[in-house]
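Subject: Structure handover

Hello,

Here is the structure for you to take over. Please open it and keep it beside this note as you read.

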Amino acid sequence: WSWIGYKKPGYELARSIFLKNQNNINPVYILENHGLIICGNDEKELLNLQEEVLKRLKLVPRTIPKPDLNLIIRISKSFKEIGLDNYLPREIVTHSLALDPWSKTLSMINPLYPDHLVFCGMKPVIVNKNDFQKFDRYKLSKSKYCIVQGAGVILFANASSSTEIMLETQSQIHLHIPPNNKIKTLTNKDCAALLNWEAEAYRI
């Protein structure tokens, strides 16, 4: 297997993989802050190899905290009353971003991979469940979602289906990362390069 250090998606990343191949061609590529590439000759070989990689790297997730749906629904209605159209995520696990302390901490640092940055933004707006009514309505109206600490996640009207999928993905990943581990995120420079990139604006 080969480790590929973080590169900007597209040409820079492809070039890095190409250069690695000149020395040794491997069936598995782990792309830092991107993901996994599995190579093979047919579907069965690919699936078997992927299963082996996942088995070796398996981490047991923490138990999903149970959200108070009545509470988050009340908060959602309160937002609607002040003109903020919103909806709740389909998957219950997404609320763990607000309920699991380590997941919430990870949500407050830079994104772990480009897709989250592109579809969810740099960092979430975090509201305390006890004083959400005092929060800046203008700031909320510009956000795709917010984390209501101790309650759950609320998506706003300008969120896309990709935003919701990325939040579910983030919640699953965070639950698999052991608490207090040192995490390698995208740097501020990496994030700026993606947010100001015409290709990503087109993809959104």
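Below is what was found in it, from the whole chain down to single residues.

**Ground rules**

This is a predicted model: local features need pLDDT of at least 70, side-chain atom pairs count only at pLDDT 80 or more, and totals for chains, interfaces and linings use all residues. Residues are numbered from 1 along each chain as its sequence is written, and side-chain values use heavy atoms, with hydrogens and water left out.

**The chain**

The protein chain has ten helices and seven strands. Both are DSSP runs, numbered from the N terminus: helices are H or I with at least four residues, strands are E with at least two. The C-alpha trace spans about 60 × 40 × 30 Å along its principal axes. Of the 204 residues in the chain, 39% are buried. Buried means under 20% relative accessible area, exposed means over 50%, and partly exposed is in between (1.4 Å probe, protein chains only). Now take contacts between residues at least 6 apart in sequence: 64% of them join residues at least 24 apart. A contact means heavy atoms within 4.5 Å.

**Helix H1**

H1 covers residues 11–23, which is 13 residues. From first C-alpha to last it reaches 19 Å, close to the 18 Å expected at 1.5 Å a residue. The expected span is 1.5 Å times one less than the number of residues.

Which residues of H1 are buried? They are Leu13, Ser16 and Ile17. Seen down the axis of H1, the buried residues fall within an arc of 95 degrees, so they line one face of the helix. The arc is taken from the directions that run from the helix axis to the C-beta atoms. An α-helix has 3.6 residues a turn, so residues three or four places apart point the same way. On the other side of H1, Tyr11 and Gln22 are exposed.

**Pockets and the cavity**

Rolling a probe the size of a water molecule over the atoms shows where empty space is left. The search uses a 1 Å grid over the protein atoms alone. A cavity is a set of points where a 1.4 Å probe fits but cannot get out. A pocket is an open set with protein on both sides within 12 Å along at least five of seven lines. Lining residues have an atom within 4 Å of a point. Grid points are joined across faces, edges and corners, and a volume is the space filled by probe spheres set on the points.

- **Largest pocket.** Its volume is about 1,000 Å³. It is lined by 25 residues, and Ile30, Gly35, Leu57, Ile173 and Ile177 lie nearest its centre. S2, S3, helix H2 (43–56) and H8 each give two or more residues to this lining. H2 provides the largest share, four residues. The lining divides into 14 nonpolar, six polar and five charged residues. Here Ala, Val, Leu, Ile, Met, Phe, Trp, Tyr, Cys and Pro count as nonpolar, Asp, Glu, Lys and Arg as charged, and the others, Gly among them, as polar.
- **Second largest pocket.** Its volume is about 190 Å³. The lining is Trp1, Val28, Ile30, Leu49, Glu52, Val53, Arg56 and Leu57. H2 again gives the largest share, four residues. Six lining residues are nonpolar, none polar and two charged.
- **Cavity.** The structure holds one cavity of 30 Å³ or more. The largest cavity has a volume of about 70 Å³. Of its 14 lining residues, Pro111, Leu112, His116, Gln170 and His174 are the closest to its centre. Helix H5 (101–107) and helix H8 (161–176) each supply at least two residues of this lining.

**Three residues to look at**

Contacts here leave aside neighbours within four places in sequence.

- **Ser16** lies in H1. It counts as buried at 18% relative accessibility. It is in contact with Ile4 and Lys7.
- **Pro179** is in the loop between H8 and helix H9 (188–195). It is partly exposed, at 41%. It is in contact with Arg62 and Trp102.
- **Ser143** is in the loop between helix H7 (137–141) and strand S6 (145–149). It is buried, at 10%. It touches Val125, Phe156 and Asn158.

Best wishes
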